Amino acid sequence: MSEHGHPFLGNILSDIIAAHLAFFQLDKMMNFAESSGDANLYVVSARKPDSVSHVLSAAFTAHNHVNVIVCKVTHIEIFLLEPVAEGSSERQMRMLLDVPIYGRVTTIGKCRFPDRSQDVLVLTTEAHNLLVIRYNTALRRLETEISDSVSEFMGAASDGHVGLVAPDGSFAAYHNYQGIVHVLELGKHHETAAGGSVLGGGGGMRPKSAKKSRLDLLRRPVDPIKFWIDERWVIGMTLMESPPMEEEKTLMLAVLYQDKTGQKNLKLYRFNFKTGTLDLYSGVGARNLKFNPSLIIPIPREGGGGIIVISEEEIKIFTPTETYQHPIAPTIIKCWAVLDPKGTRYLLCDFEGRLYALILGGRLQRIRLENLGQVSQPSAIAYLGDGHVYLGSHFGDSQLLKLKSHADTEGNMFELRMEFENLAPIVDFCVVDIDKQGQDQVVAACGGNRDGSLRVIRNGIGIEVLGTLDDVPNLTGIWALRRGSDEQIDDLLVMSFTMETKMIGKDEDGALSPVDDDDASAGGFILDQPTLACANVKFDQIVQVVPSGIVTLDSRTRSLVHFWTAAAAGGVESGGDDSTAARVHHATINREQVVVALGGGRVVYLEVVQGELLQKSEVQLENEVSCVTIKPLRSNYCFVGVWGDVSVRLLELPSLRELDRQPIENGMIPRSVLLVTMGDTEFAMAALGDGHLYTYILDRAKRCLTGRKSLSLGSRAVSLTAFESQGSGVCVFAASDRPTVIHYSNGKLLYSPVNLKEVTHMCPFHYEEDAVALVTGGSLKIGLVEAIQKLHVKKIPIGETVWRITHVASAEVFVLLTLRTIVDQVAREEEEKGFIRLLDERSYEVLAEYELESFENPQAIQLARLRVDGRVGGSDSHDRRELLCVGTAYVFPEEKDPATGRLLVFEFTEDRKLRPFAATEVKGCVYCLATVGGRLLAGINTRVEMFGLAATPDTGRATVVPLDSHYGSITVCYLATRGDFVLVGDLMKSVKLLVYEPPTDALGLVAKDTHATWITGLEAVNDELFVAGEQGGNLIAYEKVEGEGGARGRLAQCGWFHVGEGVNRIRHGSLTANIVDRERPLGTPVLIFCTVTGGLGVVAQLEDATYKLLSDVQDNMRNVILGVGELSHSQWRSTQLVRGVDRPARGFLDGDLIEQFLDLSPEHKLAVVNGVNPNPPHLVARQQHQRRRDGRPGVPPVSMRPLVGVTVEELIGVVEEMARLH
């Protein structure tokens, strides 16, 4: 199965590769058809790639640490294996660092220099960069030891990159070009570089004299030794030490290769560093190895030396004296790890996820292969010690395992300790809003084979509902209470209504049930009035505020202790009049203090003492108070919203003296205010009646409000409540028609929507764990808040490859095209069966399935409203019918490429099943489907065909009728439509634009791109701008350029950007709600794309001024933030469509880089705005030197420039708004 594009495209490409190369040469000689304008697009990662390509164990962050280094294509995660709790034998992995790499990592290893107690990492990238990285324990950051290139200008690239580090870490070898092995003596280069800065880079420069410049010393260039080998088709390669029978320990190279006759052979060489040659070692080797060998494993010198060769049906062990073999059941071993230093035990894992232990005993006289159980399909494995194993996967979730000596009930000889989410490869996805909240979520087809699954990906916070109390309309507030200060669990929930108060509490069985009014009132609560505030206070008391006054109760007996009214200037225990001035309108309580706002703008401050409330001060404001708050702990401030002048005011406690006043500029009345400390910052928040939220920073030194920001959280009044979230500290729940959780991370406020339609009130309710109570839709819900994180992912296991997915809102189902591999163990043959499956959109229960014919694979799916010519079942033909269209291909073993396929059309029944409606056979594979003007479009091999439906009398069905065809493609991979326009993505011929002409049911060519480009995804931004994914991991933007004088128009490239991951699908949508405070937002998310390695990205369109500003920010950030190994960001984002020709990114901005501005120190933020490089002078000089030396054609050096007309605070606001796009 192909994880990128279609399973047959590799065969097609191999047949036309010569023509493709010739086309590239023609493209190289032509001038690029580029637009003079820019696309003004912003690309940012919503989720980094998950696919694990490499993993190793090292003592990287400290000499006594067990670190797990996990490489995920374009970033490296560094974990610490540590006890779950102090003294515990159980282990867990905790992430320490997640480091982006400006390149695709192809190999990774470790070594330890003689004067070090910690390991360093040795890695290479796809661009042949060599990096040696260490961890600075004192500064807690990565630093560069060596950065250089191992590229060959005239070399012929090998099929894959091979990077090896010798067992003792002294040498590293790289096979990136046919016939060449580069060997680097790591210890030697470490010594020659001693004394230089650890921030040094490389690049292949060699000093011309013995006297090295300061830059040369800092750069630490490498000088690899080049060895030539005759083997061109290398299958596997490994470094090893000479066997113990040889007294002198020397470095050896084992090569598993295929010769010109197709035979698989094994050779061993000894490195001769004196002559610079590889000497053939005759002690070990083999020719014509059977059963398709694919892996070689070195046996350590301590274990006697030798090579283990793993094939599909046999394990062979070659030593200097003997050869041993052990037959195995047919399989393909994908990765291995050694369990002990002597190499007597190994872990092997095959392509289906079976974990084995290979045990070599009795001087290799006894070879055993034990099945340890079923794990995810592996891509890499590492033994961490003490029985712990990390297994990385590309097709399933990665896992931390603990080996056991006995099997469990499922036959597994291990425990699954941790599982790490992996979405790779994302083959397809759809964007849906099932709850109709204006909040899209992505449902993605992920993984493959037995690890195939759906992943529901959404931005925001989920509430797991534990219980619901229905029919509670007109709730105006809720508060949770407990029996005493030493209690951890709340046992009572106070509910305020328009004219009364009710309660629910725990019964004898621990369940929640209504509290009888007589019992509650006998306890001292006032129930015939609405409650304005209620809370536990010190001295085991409860305070309840109602319009007539304040009740103090004993929290254990719930009996009345004290009653305060505002009938007089001081506290009055009884009496008082019912005038507006004597009634309480708003109140706020913490453990020690109470502030109430009375009618007429009167504010009273009281303190809690044993048995009563003492009034300390009061103030008369000139306008009515609309809301009031104090901090949860003892507060020095009171924050109020005021009618009249429409402002918020900061008052001093206990005096109630005004310290600051901030007007509300849009004239809306504040309805809820909050003082809250998040991180080390004190915030004042004011929520308005129209859904806007104003946030301020409370300056403790100046005792005033600063840094005002505003944004829209909805269209109705917002109610603010602080609560504790496990792992995220203090958060704020903003209850509104678009409920939102506000949390704090890396010095900034983040906003995450909640998966409920509307919430009017919320309070923490420690009824079970850290639960919350919410009022929503006339009901009271008790639930648990999910962990607060950027994206939430829910896994729905399918157990087979999900190839395509679409959502049918009218039937409330998802429709999947799936492939299941069925293995005939007797005949040792495999067959792929295709299915169409219907799943409920909420429960994901399988409702129905439709099995395709033998050898028929599903390829494309399209939900369409199609015209049916004639009458079908008595319905009017002009009413378009919603139909499900599926394209297939017959994949016969004897055919290299599919010659036939089918178009299947289904209608949905009332019980949500499929009923065949029409079908036809086509000549070729139906790669893609789309719809335009009520007609069905199909990409079939080299053509785009348009079909209509004609009614079949008396059958209630229809026939598929060909209407028109458009030829001229190599292979039509993707179709996208906008209005009457049709975008066509080709295997080689880039993109063309067709138009549908309704009167004639014809397709006409409007414009095309003349570049040779393999398109992997395609979508329209608007009528004039289109975005495509390209096979090299690039995004390309096209704009339609009208032809002059009646000439045909063209598609001009107006933007290009290197993503670094293969793009599989692009669709319209957004992962976030539009939380901004401006009529025209700075950026509008328009597209979502998915990648082969499990990444999700968002493309947004920017206003011209925003694009210009952020373009300058990006240039300055490139100088301020140095990539790992000092790799060039501008080169990383450049696209290379023709060998040797790089084009700097254009029309797209890198949101991942720009948004790192929010994580910079204040000094570095100021440096970005002022255009001044804050790095040390020697580092700045090296940056400039590196650009001049490493600069490629078309990639100009980037200089810093001041940002005109923008302050640091304004830029923070702009970047924060961009960050909210994903």
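Contact in these legends means heavy atoms within 4.5 Å. The structure is a predicted model, in which local features need pLDDT of at least 70 and side-chain atom pairs count only at pLDDT 80 or more, while totals for chains, interfaces and linings use all residues. Residues are numbered from 1 along each chain as its sequence is written, and side-chain values use heavy atoms, with hydrogens and water left out.

Figure 1. Helices (H or I, at least four residues) and strands (E, at least two) are DSSP runs, numbered from the N terminus. Leaving aside neighbours within four places in sequence, Leu-369 is in contact with Ile-315, His-326, Ile-328, Leu-348, Tyr-356, Ala-357 and Leu-358. Leu-369 and Pro-327 are separated by 42 residues in sequence, and their C-alpha atoms lie 9.6 Å apart in space.

**Figure 2. The open sheet of strands S22, S23, S24 and S25.** Four strands make up this sheet in the order S22-S23-S24-S25, with antiparallel pairing. Two strands pair if DSSP finds at least two bridges between them. Strand S22 (333–338) and strand S25 (366–374) are the edge strands, each pairing on one side only. On average, neighbouring strands of the sheet are turned by 25° against each other, direction ignored. Axes are lines fitted to C-alpha atoms, for helices over the stretch in contact, and angles run from 0 to 180 degrees between N-to-C directions. Eight bridges join strand S24 (residues 354–361) to S25 in the antiparallel sense. Gly-361 has Arg-366 of S25 as its bridge partner.

**Figure 3. Strand S72 and its partners S71 and S73.** Strand S72 (residues 935–940) is largely enclosed by the rest of the structure, because six of its six residues are buried. Both faces of S72 are covered: one side carries the buried residues Arg-935, Leu-937 and Gly-939, and the other carries Leu-936, Ala-938 and Ile-940, also buried. Strand S71 (residues 926–932) pairs with S72 in the antiparallel sense over six bridges, and Thr-931 stands opposite Leu-936. Two residues lie between the strands in the hairpin of S71 and S72, where Gly-933 takes a positive phi near 55°. S72 also pairs with strand S73 (residues 943–952), in the antiparallel sense over five bridges. Here Leu-936 stands opposite Phe-947 in S73. The hairpin of S72 and S73 has two residues between the strands, and Asn-941 in the turn has a positive phi of about 55°.

**Figure 4. Packing of helices H9 and H11.** Helix H9 (residues 1162–1170) and helix H11 (residues 1208–1219) pack at an angle of about 95°, and their axes are 10 Å apart. H9 and H11 are therefore roughly perpendicular to each other; angles under 35 degrees count as roughly parallel, over 145 as roughly antiparallel, 65 to 115 as roughly perpendicular and the rest as oblique. Lys-1165, Leu-1166 and Val-1169 of H9 make the contact with Val-1208, Leu-1211 and Ile-1212 of H11. Five of these residues are nonpolar, none is polar and one is charged. Ala, Val, Leu, Ile, Met, Phe, Trp, Tyr, Cys and Pro count as nonpolar, Asp, Glu, Lys and Arg as charged, and the others, Gly among them, as polar.

**Figure 5. Packing of helices H6 and H11.** The axes of helix H6 (residues 1104–1120) and H11 come within 12 Å and cross at roughly 100°. H6 is thus roughly perpendicular to H11. Leu-1109, Leu-1110 and Val-1113 in H6 meet Leu-1211, Val-1214 and Met-1218 in H11. The residues of this contact are six nonpolar, no polar and no charged.

**Figure 6. The largest nonpolar core, with 66 residues.** A nonpolar core is a set of buried Ala, Val, Leu, Ile, Met, Phe, Trp, Tyr and Cys residues joined through side-chain atoms within 4.5 Å. In the largest core, the residues that touch the most other members are Tyr-42, Ile-69, Leu-1110, Val-1113, Phe-1157 and Leu-1211. H11 provides the largest share of this core, seven residues. Another core lies apart from it and has 21 residues, among them Ala-864, Leu-866, Leu-883 and Leu-903.

Technical notes. Buried means under 20% relative accessible area, exposed over 50%, partly exposed in between (1.4 Å probe, protein chains only).
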